[in-house]
Amino acid sequence: QVKLVESGGGLVQAGGSLRLSCAASGRTFSTYAMGWFRQAPGKDREFVAAIRRSGGSTYYADSVKGRFTISRDNAKNTVYLQMNSLKPEDAAVYYCAGSSRYYSISYYLRRGSEYDYWGQGTQVTVSS
């Protein structure tokens, strides 16, 4: 079974930066589209970013576009989320997710139901 483990969360001041990593087990990582989602207490889970298996196409929520960058290194079985210009409203538990579907249109990559594998989450706190 595929396991995803996030790391890199922590406390950062507003305007600061943080890089999250998601390490995947197994040899099938390079075949998965990957996504980042976040959930604040009492709030619904929301889409943050997604990347296709080759890394050639990326997608972002409007709220993070221009500030966050998703990338992947298939040789390292790792996906990253570089978060810049952080705002208090970015505070949440961040989850990485993998999709084993052969292909998903971008609309569905924005939906958590499209993903088969989820990490345990990493807490991001932004102070003002």
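A disulfide, meaning a pair of cysteine sulfur atoms within 2.5 Å, joins Cys22 to Cys96 with an S to S distance of 1.9 Å. The structure holds 1 disulfide. Cys22 lies in strand β3 (residues 18-24) and Cys96 in strand β9, so the pair ties together parts that are 74 residues apart in sequence. Strands (E, at least two residues) and helices (H or I, at least four) are DSSP runs, numbered from the N terminus. The torsion about the S-S bond of Cys22 and Cys96 is about 45°, so the disulfide is right-handed. Cys22 is buried at a relative accessible area of 0%, and Cys96 is buried at 0%. Buried means under 20% relative accessible area, exposed over 50%, and partly exposed in between, with a 1.4 Å probe and protein chains only.

This is a predicted model, in which local features need pLDDT of at least 70 and side-chain atom pairs count only at pLDDT 80 or more, while totals for chains, interfaces and linings use all residues. Residues are numbered from 1 along each chain as its sequence is written, and side-chain values use heavy atoms, with hydrogens and water left out.

In a regular strand the side chains alternate between the two faces of the sheet. β7 runs antiparallel to strand β8 (residues 78-83), and 6 bridges join them; strands pair if DSSP finds at least two bridges between them. Ile70 stands opposite Leu81 in β8. The two strands form a hairpin with 4 residues between them, and Asn77 in the turn has a positive phi of about 50°.

The structure also holds 6 aromatic pairs. Rings of Phe, Tyr and Trp (its six-membered ring) pair if their centres lie within 6.5 Å; planes under 30 degrees apart count as stacked, over 60 as edge-to-face and the rest as tilted. The rings of Phe37 and Phe47 have centres 5.7 Å apart and planes at 70°, so this pair is edge-to-face. Phe37 is in strand β4 (residues 33-39) and Phe47 in strand β5 (residues 46-51), 10 residues apart. Both Phe37 and Phe47 are buried. Together with Tyr115 and Trp118, Phe37 and Phe47 form one aromatic cluster.

The rings of Tyr107 and Tyr108 have centres 5.1 Å apart and planes at 90°, so they too are edge-to-face. Tyr107 is exposed, at 51% relative accessible area, and Tyr108 is partly exposed, at 36%.
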